[in-house]
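Please read them with the structure open.

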Amino acid sequence: MTPAGQPEARTDLVRASGAGPTDSMEELPRGTCPACHVAIGEVHRDDCDVAECLATGRKRMWCRAQPDTAGHDCGRADWTGWWPAHAEAREFGWHVRWDLEARKFVRCAPDVEGSGPDLTRLYEHGRWDQEARRWVRKRAVLFSRAVRGGRATLEELTKAAQRYCAEQGYEVVGEHVGTRGWREAVADVDEGKADVVVVPTLDRLGFGKQVFERIAAVRRAGGDVAGPGVRIDADGKIVAASTAET
Ligand SMILES: [Zn+2]
Ligand SMILES: [Zn+2]
């Protein structure tokens with residue numbers, strides 16, 4: 001049993017999801033690293049599987065297993081007293097719990113007993129702030145090309161994009177419309193003010209070939225295009241798109 005009286009098995013299940021230990025184990029700082037046992041302020045041992053990479057925020061072991069980060073310098077993280085990334089997952093409200101009936105992990109609030117941080121979601125939807133040594137929310141700018149139908153239609157679409165951002169946990173930092181708006185949206189990504197351009201539907205991104213050109217432009221600026229029903233793979237290929245206007 002854990003200190004809070006939870007069966008260890010459930011803790012192990014949550015950990016197996018990549019979610020890390022459950023909350024009950026995190027109410028107090030730990031004097032030593034649970035994996036390599038160094039004290040607070042001491043540098044983790046080289047083979048420690050709790051230590052985070054100071055460049056990517058992911059586990060150092062993960063970096064070493066990836067072809068593109070295997071050779072890079074992960075820095076020398078020390079044990080801070082807290083599991084890396086768990087405070088941010090809690091702050092953003094990104095936890096998971098094991099659903100006994102559904103036999104799978106489901107998202108839940110951090111105050112649910114037996115839940116653990118959803119690190120998969122954090123790695124995917126958060127942005128590592130190297131200087132602050134912590135995860136932050138990704139920042140989104142909304143974009144829609146101007147279309148017939150007037151302001152009412154546009155407002156509806158903006159609402160849909162905003163709902164999407166709220167679901168994803170993105171912080172909305174701007175809103176742009178039309179050709180000039182497009183240039184501003186790309187500039188926001190290029191200048192490091194935004195990470196994602198969110199479009200309400202794929203056909204609001206542009207028409208025909210323009211869609212691909214615009215996705216490529218955002219990628220070149222170092223960002224991504226996303227939106228409700230819009231999924232684009234690492235090569236800029238559209239793998240799923242909903243064209244519904246509502
Ligand atoms: Zn360690
Ligand atoms: Zn690394």
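1. Arg137 touches Phe92, Gly126, Gly169, Tyr170 and Glu171, leaving aside residues up to four places away in sequence. The model is a predicted one, and the contact list should be read as such. Arg137 belongs to strand S5, residues 134–137. Of the contacts named, Gly169 is 32 residues from Arg137 along the chain, and their C-alpha atoms are 6.8 Å apart.

2. On the overall make-up, the protein chain has seven helices and eleven strands. Of its 246 residues, 33% are buried. Among contacts with a separation of 6 or more, 56% are between residues 24 or more positions apart.

3. Four strands make an open sheet, ordered S7-S6-S8-S9, with parallel pairing. Its edges are S7 (171–177) and S9, each of which pairs on one side only. From one strand to the next the twist averages 30 degrees.

4. Within this sheet, S6 (residues 139–144) and S7 run parallel and are joined by six bridges. Ser144 stands opposite Val177 of S7. Helix H6 lies across S6, S7 and S8, and runs at about 150 degrees to S7.

5. Helix H7 can be checked for length. Its twelve residues, 209–220, should span 16 Å at 1.5 Å a residue, and the C-alpha atoms at its ends are 17 Å apart, so the two values agree. After H7 comes Gly222, which has a positive phi near 95 degrees.

6. Which residues of H7 are buried? They are Arg214, Ile215 and Val218. Viewed down the helix axis, these buried residues fall within an arc of 100 degrees, and therefore line one face of H7. The face turned away from the buried side carries the exposed residues Lys209, Glu213, Ala216 and Arg220. Note that the buried set includes an arginine, Arg214, while an alanine, Ala216, is on the exposed face.

7. What do the buried residues of H7 pack against? Their partners are helix H6 (178–190) and the strands S8 (196–198), S9 (224–226) and S10 (231–232). S8 and S9 also belong to the open sheet of point 4, and H6 is the helix that lies across S6, S7 and S8.

8. The largest nonpolar core has 27 residues, and those with the most contacts inside it are Ala140, Ala161, Val197, Val198, Val199 and Val225. At least two residues of this core come from each of S6, H5 (150–168), H6, S8, H7 and S9. H5 provides the largest share, five residues. In soluble globular proteins, nonpolar side chains tend to be buried together.

9. Leaving aside residues up to four places away in sequence, Val225 touches Val197, Val199, Leu205, Ile215, Val218, Val230 and Ile232. Ile215 and Val218 are among the buried residues of H7. Apart from this core lies another, of seven residues, including Ala85, Ala89, Leu119 and Leu122.

Conventions
Residues are numbered from 1 along each chain as its sequence is written. Chains are lettered from A and ligands numbered from 1 in the order in which they are written. This is a predicted model: local features need pLDDT of at least 70, side-chain atom pairs count only at pLDDT 80 or more; totals for chains, interfaces and linings use all residues. The expected span of a helix is 1.5 Å times one less than its number of residues. A residue is buried if 20 or more other C-beta atoms lie within 10 Å of its own, exposed if 12 or fewer, and partly exposed in between; C-beta atoms are placed from the backbone. The arc is that of the directions from the helix axis to the C-beta atoms. Two residues are in contact if their C-beta atoms, placed from the backbone, lie within 7 Å. Two strands pair if DSSP finds at least two bridges between them. Axes are lines fitted to C-alpha atoms, for helices over the stretch in contact, and angles run from 0 to 180 degrees between N-to-C directions. A nonpolar core is a set of buried Ala, Val, Leu, Ile, Met, Phe, Trp, Tyr and Cys residues joined through C-beta atoms within 7 Å.
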